[in-house]
Amino acid sequence: MRIVVLGLGYLGATHAACMAEMGHEVLGVEVIPEKRAQLAAGEVPFYEPGLPELLKRHIDGGSLKVCGSYAEAADFGDVFFIAVGTPQKKGEYSADLKYVDAAIEELIPLLSRDVLILGKSTVPVGTTQRLSERVDELAKDVEIELAWNPEFLREGFAVEDTLHPDRVVLGAFSGGQAELICREVYAPILEAGTPFIVTDPPTAELVKTSANAFLATKISFINAIAEVCDAAGADVKAIADAIGYDARIGRRFLNAGLGFGGGCLPKDIRAFMARAGELGAAEALSFLREVDNVNMRRRTRMVELTREVCGGSLLGKRIAILGAAFKPESDDVRDSPALNVAGQIQLQGASVTVYDPKAMDNSRKLFPTLDYAESAETACDSADVVLVLTEWREFVALNPTKLAAEVRQKNIIDGRLCLDEREWVSAGWNYAS
Ligand code: UDX
């Protein structure tokens, strides 16, 4: 099939390359010229394992092309995916739909034959209905069907999650062709037995927001238990292991620590609360405010803990921060808990040096006043405290005896419960978490 993907960020670039991998002819549309030039040359402008190889192969083979023109895309495609961003509005909880709206406003008047448009971006419930009405107003003598087909990919596993998803969800209005066309688009995935849930648009929109709200709740749940463990002198990791054996609970997403960040979970739970409020159902999601609060408290608690380890004041202390990305296997620093902590510690008078295996450039852009080192060892040079805030394998594998030679004081704070406490303690370090 001839497929167009509108927006080539983390989601769109991955989706476009994976559509080509599934045997389709794909045209990706990216409006930012620098990003477009990089992608057209087969380079991925962000870190995502496995994606550069896939993208290059299909760009070189000609099954994936990149352009900046909606008119070219309108001529090309049978199926259009909307994969543009839906960030949080400035100073508000709700999602900013200006990019989704702009994609519809620009594309529809250019279409001269019947097509299917599938939304992938995470949107508030009711968006497909609203956009569909606008599509009908803008369409010129053509039948255009709009349906929602949310994406559940995780950064760091985006290719794997797109090619082998847990499920495919489609929210379509009755009487259309969306299900039939989707069966063709996703044929290799569906033939492999992947569950295919066909429902109406509001349900599909809510599947996505509910999934993210549940994951955020799970993380904040274990972090709330961690607060009680701190007070009671108990071990939250052992609790997560023990309750995780119960199949109804499950061990995944029960890692206590610095909490969640990134471009999805924080903004999605806020947009979900805002939308529930608009619908008169604010009370139903009031617990998400607490989920957000517990999560944000982790960051302040980490700063407090660092101050305690420094003997009560951060003034004049040298702090090494290992990890800047919001999670390992990503260079994404959007709402990164690690960088947030680094910034707060610096504001309290410490000198902060950050190292991350992949997120250095993005971190420098967001926090230009922090110091950056080229390796974990140099970041730790003369440090009073070392903080591990993203659980990169490189940090998990650090040798405490060797690192001891770099620092001024052997204080380690494990912000992700990813280090072997005994190993660090037996190498003479004061371990806190
Ligand atoms: C998330 C969802 O997982 C994905 O399905 C959705 O499509 C987009 O949002 P992503 O933002 O890539 O994906 O990251 P994820 O792996 O979910 O991690 C989110 C945050 O939670 C990270 O900051 C991570 O460090 C944190 N986390 C995760 C924990 O603190 N504890 C855990 O146990 C798991």
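User: What volume does the largest cavity have?

Analyst: The general idea: rolling a probe the size of a water molecule over the atoms shows where empty space is left. A cavity is a set of points, on a 1 Å grid over the protein atoms alone, where a 1.4 Å probe fits but cannot get out; lining residues have an atom within 4 Å of a point. Points are joined across faces, edges and corners, and the volume is the space filled by probe spheres set on them. Here the largest cavity comes to about 60 Å³. This is a predicted model, where local features need pLDDT of at least 70, side-chain atom pairs count only at pLDDT 80 or more, and totals for chains, interfaces and linings use all residues. Residues are numbered from 1 along each chain as its sequence is written, and side-chain values use heavy atoms, with hydrogens and water left out.

User: Which residues line the largest cavity?

Analyst: Among them are T86, T122, P124, K267 and F272. Helix α12 (residues 265–278) gives the largest share, 4 residues; helices are DSSP runs (H or I, at least four residues), strands likewise (E, at least two), numbered from the N terminus.

User: And what about the second largest cavity, which residues line it?

Analyst: That one has about 40 Å³, and its lining is L8, A13, A16, G28, L39, L55, L64 and V66. Two or more of these residues come from each of α1 (10–21) and β3 (64–67).

User: How many cavities of 30 Å³ or more are there?

Analyst: The count is 3.

Methods
On a 1 Å grid over the protein atoms alone, a cavity is a set of points where a 1.4 Å probe fits but cannot get out, and a pocket is an open set with protein on both sides within 12 Å along at least five of seven lines; lining residues have an atom within 4 Å of a point.
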